[in-house]
Amino acid sequence: MELNDSGEEYHYINNSHDKIFRKLLDNKQEAITVINRILKKKNKISADEIEKYNSSYISDKLKNSEADVVYKIKNQDIFFLIEHQTKIDYSMPYRILKYEVEIIESVLINKKYKNKNYRYPLVIPIVLYTGNKVWNAKLDLRKIQLKWNEYENKELSRYNIIDVNKLNEKDLLEEKSVVSKMMLIEKSNTEKELELNLNKIIERKEMFN
């Protein structure tokens, strides 16, 4: 195992797989699997209900960041921001806040929002984490802000975490998506575990052929 600058071990799978996840999440069928995992609704959202959001108004800074993919509900200003992480980032609440503002501002450019009835866009941030240590960063900015006894601040820029370490192997095998199988592979901490998981995936595929 190699170590990063903070002393954290890199996952067994090389970080180049981050590009694979980004490519997979560009596919609506794969992205909707991640979205539905967070929503936990009985009636799942279908891939036909969402579309990729590629606004020319989102800044180059956001486009070049690790905010991998943004989808939206068709004909509604409801957005899903999906970001893949291979290591823990303790600044995530602040980063999510910046991403949310960028997305909202990209909508407001073409909207008449200065009236009391206007409802601002909703951004649902999802962090897909496939590192080998359990995610222990705070989930909203309030938890990492300064405290002042005179003021009770409100929850801000909370995000949703999908931590591969807490996912059930059986569920990942049964889900009919490539991204789920990739998450199972990312759970492999040794070469032996990787071999076993790959064999399970192959056996599962043959079962349905």
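Student: Asparagine 75: buried or exposed?
Tutor: Asparagine 75 is exposed, with a relative accessible area of 80%. Exposed means over 50% relative accessible area, buried under 20%, and partly exposed in between, with a 1.4 Å probe and protein chains only.

Student: What kind of model is this?
Tutor: It is a predicted model, where local features need pLDDT of at least 70 and side-chain atom pairs count only at pLDDT 80 or more, while totals for chains, interfaces and linings use all residues. Residues are numbered from 1 along each chain as its sequence is written, and side-chain values use heavy atoms, with hydrogens and water left out.

Student: Back to asparagine 75. Where is it found?
Tutor: Asparagine 75 sits in the loop between β2 and β3. Those two strands form a hairpin, with four residues between them. Strands are DSSP runs of E, at least two residues, and helices are runs of H or I, at least four, both numbered from the N terminus.

Student: What is the phi of asparagine 75?
Tutor: Positive, about 65°, although asparagine 75 is not a glycine.

Student: And lysine 40, what is its phi?
Tutor: Lysine 40 has a positive phi of about 55°, and it is not a glycine either. It lies in the loop between α2 (28-39) and β1. Lysine 40 counts as exposed, at 71% relative accessibility.

Student: Now the sheet. What is the strand order?
Tutor: The order is β1-β2-β3-β4-β5, in an open sheet of five strands with mixed pairing. The edges are β1 (50-52) and β5 (160-163), each pairing on one side only. From one strand to the next, the twist averages 25°.

Student: What packs on the sheet?
Tutor: Helix α4 (residues 92-108) does, touching β2, β3 (78-85) and β4 (122-129). The direction of α4 makes about 145° with that of β3. Axes are lines fitted to C-alpha atoms, for helices over the stretch in contact, and angles run from 0 to 180 degrees between N-to-C directions.

Student: How do β1 and β2 pair?
Tutor: In the antiparallel sense, over three bridges; β2 covers residues 69-73. Two strands pair if DSSP finds at least two bridges between them. Lysine 52 has tyrosine 71 as its bridge partner in β2. Isoleucine 50 has isoleucine 73.

Student: How many bridges join β2 to β3?
Tutor: Four, and the two strands run antiparallel. Valine 69 bridges to isoleucine 82 in β3.

Student: Why is β2 largely enclosed?
Tutor: Five of the five residues of β2 are buried, so the rest of the structure largely encloses this strand. Val69, Tyr71 and Ile73 point one way, and Val70 and Lys72 the other.

Student: Which helix holds arginine 95?
Tutor: Helix α4. At 12% relative accessibility, arginine 95 counts as buried.

Student: What does the side chain of arginine 95 make a polar contact with?
Tutor: With the side chain of aspartate 89, at 2.3 Å. A polar contact is a pair of N or O atoms within 3.5 Å; within protein, one must be able to donate a hydrogen and the other to accept it, and residues adjacent in sequence count only if both atoms are side-chain atoms.

Student: Switching to α6. How many of its residues are buried?
Tutor: Eight of its nine, and α6 is mostly covered. Among the buried ones are Lys181, Met182, Met183 and Glu186.

Student: What about valine 178: which helix is it in?
Tutor: Valine 178 is in α6 (residues 178-186). It is partly exposed, with a relative accessible area of 43%. Not counting residues up to four places away in sequence, valine 178 touches Leu24 and Glu30. The C-alpha atoms of valine 178 and glutamate 30 are separated by 6.8 Å, with the two residues 148 apart along the chain.

Student: Zoom out. How many helices and strands in the chain?
Tutor: Seven helices and five strands. From the N terminus on, the elements run α-α-β-α-β-β-α-β-β-α-α-α. Of the 209 residues, 42% count as buried.

How values were computed
Contact means heavy atoms within 4.5 Å.
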